2 protein chains.
Amino acid sequence: MSITSFNPPIRTLMGPGPSDVHPRITGAMARPCIGHLDPAFVGMMDEVKTMLQYAFKTENQLTIPISAPGSAGMETTFQNILEPGDTAIIGSNGVFGGRMKEVTERCGAIPIMVEDDWGKPVDPQKIEDACKANPGAKAVAFVHAETSTGARSDAETICKIAHNHDALTLVDAVTSLGGSELRVDDWGIDAIYSGTQKCLSCTPGISPVSFSDRAVDVITSRKTKVQSWFLDTNFLMGYWGPNAKRTYHHTAPVNSLFALHESLVMLQEEGLENSWARHYKNHLVLRAGLEAMGLSFVVEEDYRLPQLNSVSIPDGVDEAEVRSRLLNDFNLEIGAGLGALAGKVWRIGLMGHTSRVENIFLCISALEAVLIDMGADINKGVALYAAQNAMK
Amino acid sequence: MSITSFNPPIRTLMGPGPSDVHPRITGAMARPCIGHLDPAFVGMMDEVKTMLQYAFKTENQLTIPISAPGSAGMETTFQNILEPGDTAIIGSNGVFGGRMKEVTERCGAIPIMVEDDWGKPVDPQKIEDACKANPGAKAVAFVHAETSTGARSDAETICKIAHNHDALTLVDAVTSLGGSELRVDDWGIDAIYSGTQKCLSCTPGISPVSFSDRAVDVITSRKTKVQSWFLDTNFLMGYWGPNAKRTYHHTAPVNSLFALHESLVMLQEEGLENSWARHYKNHLVLRAGLEAMGLSFVVEEDYRLPQLNSVSIPDGVDEAEVRSRLLNDFNLEIGAGLGALAGKVWRIGLMGHTSRVENIFLCISALEAVLIDMGADINKGVALYAAQNAMK
């Protein structure tokens, strides 16, 4: 065996995540490791909590990073809130709504599925109907920003409906946190999870979560134990919680938390609302270029996420070949479609540090070059000009 | 809010983990992120699997890193192997055996506890008796290297007993992997998990696991679904497994895997058996110094882990004050006792990159200085000389 050090190619990451990581963040990650009970580390943990509250727009005390990726964040919210026999109404309009069903069933709980077409938002009226048809449902769950389609659902309205029916709200904000409007307290979100590798532009592997006091009451008065010892917030509160003596639970991923800390410092420096505005403004530039080329967006403008752009593939074009050429010839990664949209769309991410005009120009120029070379029927020579104009 | 970048103090980590991380490893971690489905990343994943097989001494195909710390590795093995109603015999001689009980119960399975004193190894005869008393037990589980005490159990003998009774073997090797003899295939271990932050000297946050073909057969023929979607190896095999089309399951912690890759390259460069020998040799140096000072070891020599040294505290000494002074005055971290040994021992780690003579000299010198200053009854001025002599 003679395996040597791995030096990754230098890519521009415009897929559905991970997004480009700012060198300040990888630099922070490379700082010397310290102990997970070191007083200096405990101080940093408090700062991470404070900055996560800022990013989520919440005062929830239980606002912490889970030591695993967003999928584990989903399990943390569902496993802590749901007990065997509970009913959860799940609004599903893409891959991650479907995953919520799987996770709910594995909790021994009963999912009531409310389906909407992929690319459409979750329909609040259908959620209302489901709440009426299932009185006593413990929770309403849905994805705020569907990473598989780029559709944004109206979290505020859905949460109001759920609360009117006395249900807790469980929300997936993996792709929205830091990139578009998200207000945990104002909207009445009871349990939310996100990821670090999207609009926070941090390295993948950590899942920020937040639980309302109401959710904490439900968790601390459970009749059964949380299935996962690792994700049991009753323990996590002992290590992360307010005024807690820091009780060892598991070894925290110290360097990954250094990185998260730095990404949150950067978010704070830019300002949360400024970050939302930047993501939207850059979406307009990308949109102008792609539409001028003749490509169209899958999601209607009213519900389109600026940070995750699902676009149609020109007729007769081998979409995988296009992605492969972009990667090999331009070191540019864009995403494939997932699930029902596999083979039908590309997903172009403009998340976090990726959301910069220089990347958009590269994407438009390279995509146009590849499509022309492959003989695709697109409008030639107009895309970059349209994008430049959209910057004004 | 005006939180600024976090710059950790530079510590020497001689606690129970994390251990000192070599700059080559943090340097690898800081390389630019790439996509988790990038062909270059997929190639690196194959190398990680090959090198983990080397470290575990196994040819198990299902040998992969779990995207979360060692506690999640424990849940991965238990949740995948055990179904509700199954019986598991658990040898417990410290904190982590106790945690196995918790995790087993949360799987809906029945733990049969075989208790040994903290600091002693798991007694094979008691395991044999438990197997006889519980025919049909699905698994025998135990901790190979108890991080809470520093005791090593005889994994080979216990596995033989378990197999004689047709039970699978589940083994915690968080503290042994890379630091002392461990032979997954020769010893007949069916499911094993470890951590990156101990003798691999990598950053914390990833848990290498390995499953025998027999264990995989059990997993793929389960009657019930694995409780955790995130830790379900049926899915993980699709992303990591042999000859698999790399199917997206969750976003891999890309940069943390860069770090793991580099740590395994370094292990391979040193040679696994050489690493075991280095850990043992350095233990002898530390032992000579501490015993000359008048401190004694909690674990008998035959079962003592060279990488995790539990030592007695001199009478009348405030042990927390000692640790605090070492940290503040010398930037040296040593570990407190845990559980039944809290307040009774210090745990001095010599794991991975920490296991170097320069660190041992620092530890002995600083500990002696603090103890003398606090008026402890120790032998003065002889420890370092004894340690130096033990290097010969």
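Two strands pair if DSSP finds at least two bridges between them. The exercises below apply to a predicted model.

**Exercise 1.** What is the strand order of the open sheet of seven strands in chain A, and which strands stand at its edges?

Solution.
- The order in chain A is β2-β10-β9-β8-β5-β3-β4, and the pairing is mixed.
- β2 (62–66) and β4 (110–115) of chain A each have a single partner strand, so one side of each has no neighbour in the sheet. These two are therefore the edge strands.
- On average, neighbouring strands of this sheet are turned by 15 degrees against each other, direction ignored.

**Exercise 2.** In which sense do β5 and β8 of chain A pair, and over how many bridges? Which strands does helix α4 of chain A touch?

Solution.
- β5 (residues 139–143) and β8 (residues 168–172) of chain A are parallel partners, with five bridges.
- Opposite V143(A) is D172(A), which lies in β8(A).
- Helix α4 (residues 95–106) of chain A packs on this sheet and touches β3 (87–92), β4, β5 and β8 of chain A. The direction of α4 makes about 165 degrees with that of β3(A).

**Exercise 3.** Why does the end-to-end distance of helix α11 of chain B agree with its number of residues? What covers its buried residues?

Solution.
- Helix α11(B) has 22 residues (272–293).
- The expected span is 1.5 Å times one less than the number of residues, which gives 32 Å for α11(B).
- The end C-alpha atoms of α11(B) are 32 Å apart, so the two values agree.
- The buried residues of α11(B) include S275(B), H279(B), L286(B) and M293(B).
- Among the elements covering them are α10 (254–270), β11 (308–312) and α13 (357–373) of chain B.
- Just after the helix, G294(B) has a positive phi of about 105 degrees.

Terms used: Residues numbered from 1 in each chain as written. Chains lettered and ligands numbered in written order. Predicted model: local features only at pLDDT ≥ 70, side-chain atom pairs only at ≥ 80, totals over all residues. Helix = DSSP H or I, 4+ residues; strand = E, 2+ residues; numbered from the N terminus. Buried ≥ 20, exposed ≤ 12 C-beta atoms within 10 Å, placed from the backbone. Contact = placed C-beta atoms within 7 Å. Axes fitted to C-alpha atoms, helices over the stretch in contact; angles between N-to-C directions.
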